[in-house]
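Dear colleague,

I am passing on the structure we spoke about, and I would be glad if you could look it over. My notes come after it.

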Number of protein chains: 2
Amino acid sequence: MPYFDAASSAPLHPVARQALQAALDEGWADPARLYREGRRARLLLDAAREAAAEAVGCRPDELVFTTSGTRAVHSGMAGALAGRRRVGRHLIVSSVEHSSVLHAAGTHEAEGGKVTEVPVERTGRVSVTGYAEALRPDTALACLQSANHEVGTEQPVAEVADACRAAGVPLLVDAAQSLGWGPVPGGWSLLTASAHKWGGPSGVGLLAVRKGVRYAPQGPADERESGRAAGFENIPAIVAAAASLRAVRAEAETEALRLRGLVDRIRARVPEAVPDVEVVGDAVRRLPHLVTFSCLYADGETVLHELDRAGFSVSSGSSCTSSTLTPSHVLRAMGVLSEGNVRVSLPLGTGEEDVDRFLEVLPGVVAGVRERLGAPAASPVRAADDSLIVDALGKRCPIPVIELAKVFGDVPVGGIVTVLSDDEAARLDIPAWCEMRGQEYVGERPVEGGTAYEVRRVA
Amino acid sequence: MPYFDAASSAPLHPVARQALQAALDEGWADPARLYREGRRARLLLDAAREAAAEAVGCRPDELVFTTSGTRAVHSGMAGALAGRRRVGRHLIVSSVEHSSVLHAAGTHEAEGGKVTEVPVERTGRVSVTGYAEALRPDTALACLQSANHEVGTEQPVAEVADACRAAGVPLLVDAAQSLGWGPVPGGWSLLTASAHKWGGPSGVGLLAVRKGVRYAPQGPADERESGRAAGFENIPAIVAAAASLRAVRAEAETEALRLRGLVDRIRARVPEAVPDVEVVGDAVRRLPHLVTFSCLYADGETVLHELDRAGFSVSSGSSCTSSTLTPSHVLRAMGVLSEGNVRVSLPLGTGEEDVDRFLEVLPGVVAGVRERLGAPAASPVRAADDSLIVDALGKRCPIPVIELAKVFGDVPVGGIVTVLSDDEAARLDIPAWCEMRGQEYVGERPVEGGTAYEVRRVA
């Protein structure tokens, strides 16, 4: 039963399991105690810190273990912002960061701070110039992911770090998606990561703060982890996290090459086998194991459900918005199609045959979903000269786009189709459809009960 | 090798180990996902919540899992204080709370809140009247431990909860030390606990918030655990925590009786076998497995070191101050002797023979430490009429008290001995010595380089 959602959580690596079991016997005591059980726990913790620091590329005393990647991000951002409070309260993030970064930015803004969201290109990549231009004299901190969690696009971290350094601004890199593949290049100031993304156990995050970075831990005082991560250390999990990071790094180069080949196969085959698909994300500068595509006229949740029934576990959009009806903030920021979105992220060791079977199954699944969606009660269409109005009010994604496509051939070249919709996804998906079809997206205006989206037929 | 520091961290219970190993296979995926691995993880999480809620005595939807007891305390206090911000910003804690509570109170005070510390009796117990009198119209929250972590004294939680309820103030109970022994009685509003204290794994805390309690989670938004505990859930550890809580509860009654017998033996024998010892904490209303005593003229760190060499792992004072030179805030608040302090807390299953061997070894260990400390370079003593001055400036605990005891017989009844000391522990230990010896503690005054403590010989 192939699990293709490693970007959410990777299955536990065998080395993590072995290390965890071994450390359960030695690592349960309080490492602050001086008796033998405490000393043993301390030795394990120190060794894990050495190993993790080496993999991160920092000094052991620059690294603390948190209880999750989210905690590392929340603590790291709060500590860095407070440490530079005198400089100012301006924060820079990209528009495609993980929700933990964006939520921490939201808190900062609610407390009176200023936030600039740097936009991304259609590939999901920030421009270095865009980032550099956002830097201000009162910028306390800039944040940038090493690679995007939804579309796999790698960010120009080293170049952005250079720009930040030139401005004297610390850069926090959220390396949650990439740390298993290799160290983050360049002169970052803070780095965060999450062990369960690389096959380590749940319950462990990393927070590295380079010496010299002004840092003021927030929240109640606590003497654990240099005062940067409150609460009793989970040493067995920490040991397993460090051991598995080493293990995945040892196989990273070979596996990256192999999985990149499988992902390339998906990138090439899906658009051949499934009509009206957009593969999103940077085609070259990307994580080796992750590919995302969106299917016109299909509904992501149903596609996922059908793939699950066929034995494939994949994801759609951001994990943090999967239970909401709004399109993922990442796809929205990229301006790409969000409907029928599927993210495939292959765990280490994924077999070629599983990928091939996925490619066999997918076209039928999408076709089935489309077929069922393609026969809704026809929307009333009112013609006026050479224009048409499609009333899709009250209908959910992907119906508005399906209705648009159905009548589009009925207007002459130069004619206009107006779609009335109150579904948030239409705002993203109608322009994306125009982009894919080579038609002109004219714009939107509010109407009673929703929004009118105008599309001109140019081809 | 007997480990007698269960109050710091208990060895992993066999049931916790089994449950953890089983859940590693089923509980690594994201429980927010709808595919089979996610659904399995969600089932495990839900079942663990049911089991833990039953043991706590609350509804499953009132309980969330945090990453430590400290986190549960920090989040619980911050959320409850923010939820009642309109009522006021007054917080009540006892003076013997765990450092996590006191540090959160410190943060609240630093942010402009008001804090009342309710004092305790010499047994470490708060008086219900004292607590009730601290309640004010602007009190947002009161906090009280179920039992003290350093001396084992049980607090009158149900009575204090009644007083709080009458005043419309929520009571947060830190049940870290007692939850394994049984549910917390009475009408508490919030409850916190820590799994590794009952033999569960590290990395899991509990936070229960009763329906109807005003609660506003602080920090960046996060959809996990009802928005009350940010970060990816550590489901294998959560499963192990819930399973082991059930398991220890099943044996709690029998083990409590048995360990209470062993602790009674220590309470009786230590003062017989070791001269100049004060057993501290409530003799009756106490945790079954924990006993604490202080040895005059001995230094806690050295006693611990010698006991460790003899194979016994015990603790001294608060875990949170073991690396500092100041006496534990708990012993200070109780006004008892802090020097030569030893806490013995027996894990489940502790054998009678281990306790007996401890009782055999202890007298020699304390005598040895005292012997080595008893021969410091004699302090210059200047006589003035019927008074003596002991200059112990620059000398560390327990030397000032040893010097006092050595010369005390040299003044006549009614005479005064003044001890000059710059050691913080003297402030606690000289009055405590007077109490133990039936002599009169006159008081202290500042002098150049330290403090002068005056003691009158009355017997």
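Below are notes on the chain interface and then on the domains.

This is a predicted model, in which local features need pLDDT of at least 70 and side-chain atom pairs count only at pLDDT 80 or more, while totals for chains, interfaces and linings use all residues. Residues are numbered from 1 along each chain as its sequence is written, chains are lettered from A and ligands numbered from 1 in the order in which they are written, and side-chain values use heavy atoms, with hydrogens and water left out.

Between the chains, 59 residues of chain A are in contact with 59 residues of chain B (heavy atoms within 4.5 Å). The area buried there is about 4,700 Å², with carbon and sulfur atoms giving 51% (accessible area, 1.4 Å probe, that two parts lose on being put together, summed over both). In chain A, Trp28(A), Arg33(A) and Arg36(A) lose the most area to chain B, together 14% of what that side buries. Arg33(A) also forms a salt bridge with Asp5(B), the closest N and O atoms being 3.6 Å apart, and the rule finds 8 salt bridges across this interface (a side-chain nitrogen of Lys or Arg within 4 Å of a carboxyl oxygen of Asp or Glu).

Chain A is divided into domain 1 (14–248), domain 2 (251–373) and domain 3 (381–456), with bounds from an automatic or database domain assignment. Domains 1 and 2 of chain A bury about 2,300 Å² between them, and on the domain 1 side Arg122(A), Glu150(A) and Trp181(A) lose the most area, together 36% of what that side buries. The count between these two domains is 1 salt bridge; Arg122(A) forms a salt bridge with Glu278(A), the closest N and O atoms being 2.8 Å apart.

With best wishes
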